[in-house]
Amino acid sequence: MKKAIVWHNLDLRTEWNPALSAAVQECDEILPLYIYDEKIEKLGSASKWWLEGALKDLSSEYQALGGKLCFRVGDTKKILGELVGKIGAESLYFNAQFEPAIFQLQKQITKKYPCEVFNGNHLIDPREIEVSKGKPYSVFTPFYKACLKEISVPTKPPLPRKIHTIVSKSDSLKFPHERWMKKLEKNWTPTRREGLKHLKQFISSSLKKYKYDRDYPAIKGTSKLSPYLHFGQLCPHEIWHAVKGKEAYTRQLFWREFGTYFLFHFPDAQKKNWNHKFDKFLWDKNPRLYEKWTEGRTGYPIVDAGMRQLYETGWMHNRLRMIVASFLIKDLFIHWTYGEKWFWDTLVDADMANNILGWQWTAGSGPDAAPYFRIFNPTLQGKRFDPHGEFVKEYLPELRDLPEKWIHQPWKAPKEVLEKAGIHLGKDYPLPVVEHEKAREEALKRFNKIKR
DNA sequence: TGAAATGTTGGGGCG
DNA sequence: ACGCCCCAACATTTC
């Protein structure tokens, strides 16, 4: 009788799960286990909400297979040690995680117990992409090309209709609920079935025009698969096969790989500027402005609409992530780590590596980053990517009656236009908290100081 | 996965 | 008819 533990991490699915498939094939009985360990990674609010739903869903997937998932809260090593002894497990099966803390933990576990480790959550293994001149890739395109040259994506691993699991006592699946999470319930269903539905729908209706549509927040042109991918309810391998050949989308899948690769090779980047020149940058501490940014009350409609979409739905369109990030950093001079924290807490797809890469990219301190002088003009970005103001009006109903011409710059609208639209600036909708043109000049000055 | 400043060109108005 | 000027429209450079 061979017994083993299947240790789930961010692979909350039974199908398309190489670790689980191998365990079921090679063992007589398994104990499927998920451990929530805050010492390894403390989740944000939105992630906790999603995790709870995803674990419920995983439980029911196991039930459908005639098995049962064990869920525990606490210290991973302690719990694993206890369970290995209790059930007499010969080995552990799991999919690799490459975030620094969990990677180190998995490494230690591997030394302690016989383990079978698989790559179930990523298209590439960051250790296997050849580094050039002894250094990891720090530019996306060559990295991407190297991946495509190396890559061989496995096909679906087999999983029997019925599996035998060992039942062990579980902790409660419930996280404390915040009132805010009601908003998430309205917008998301955190199950694999729903993820598959999104995938199917995306392929049939948006994939063809993805390259163009993905930049327009008013168009539902993106896949919205990110939370399902993050929690491993969908496997990147199955997405790869499903969208095969669509370069614009595949490229985005590889930005996720690049994020993982980047943080794996530069774990310090989690807290510190990857480019140390930026350590000398003069940031402002301005809690009042930061708060206005989080609330979507900066007076720049495209920024505010993005921030409110995030708060209302737990998700933000990619184009807007770039715009609001540029605004926080280059118009308000607030350190990127503040933005990173807010995203971590509120995004349902909050992913450590992607989040860090995204923010360092915007700040200019990351690899292959936007040059410091690349500063988004929120009015122009609005006009370009939400030309009719449809998106802005969806999240800023107070601007509903403002004509297209002024929708991205209400402060410039003539008095009578504002009156007719029923808007008293500074009351119904804020005046701009900073003047972009001046902020831009100031940003260039400050960036110039650290250039050299 | 920028935007502003500066440079160049060419058509049309006009003396 | 010609040259001059103006200024879009586009291209290039700079931050």
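Trainee: In what order do the strands of the open sheet lie?

Mentor: This is a predicted model, in which local features need pLDDT of at least 70, side-chain atom pairs count only at pLDDT 80 or more, and totals for chains, interfaces and linings use all residues. Residues are numbered from 1 along each chain as its sequence is written, and chains are lettered from A and ligands numbered from 1 in the order in which they are written. Strands are DSSP runs of E with at least two residues, helices are runs of H or I with at least four, and both are numbered from the N terminus; two strands pair if DSSP finds at least two bridges between them. The five strands pair in parallel, in the order S3-S2-S1-S4-S5.

Trainee: Which are the edge strands?

Mentor: An edge strand here pairs on one side only. That applies to strand S3 (70–73) and strand S5 (115–118).

Trainee: Why is Leu-20 called buried?

Mentor: Leu-20 is found in helix H1 (residues 18–26). A residue is buried if 20 or more other C-beta atoms lie within 10 Å of its own, exposed if 12 or fewer, and partly exposed in between, with C-beta atoms placed from the backbone. Leu-20 is buried because the number of other C-beta atoms within 10 Å is 27.

Trainee: Which residues does Leu-20 touch, not counting those up to four places away in sequence?

Mentor: Two residues are in contact if their C-beta atoms, placed from the backbone, lie within 7 Å. With that rule, Leu-20 touches Val-6, Thr-14 and Leu-159.

Trainee: How many residues of H16 are buried?

Mentor: Helix H16 (residues 352–363) reaches 17 Å from its first C-alpha to its last, close to the 16 Å expected; the expected span is 1.5 Å times one less than the number of residues. Its buried residues pack against helix H11 (247–265), helix H14 (318–331) and helix H15 (336–346). H16 is mostly covered, and the buried count is 12 of its 12 residues.

Trainee: How far apart are the C-alpha centres of domain 1 and domain 3?

Mentor: Domain bounds come from an automatic or database domain assignment. In chain A, domain 1 covers 3–120 and domain 3 covers 276–449. Their contact takes six residues from domain 1 and nine residues from domain 3. The C-alpha centres of the two lie apart by 39 Å.
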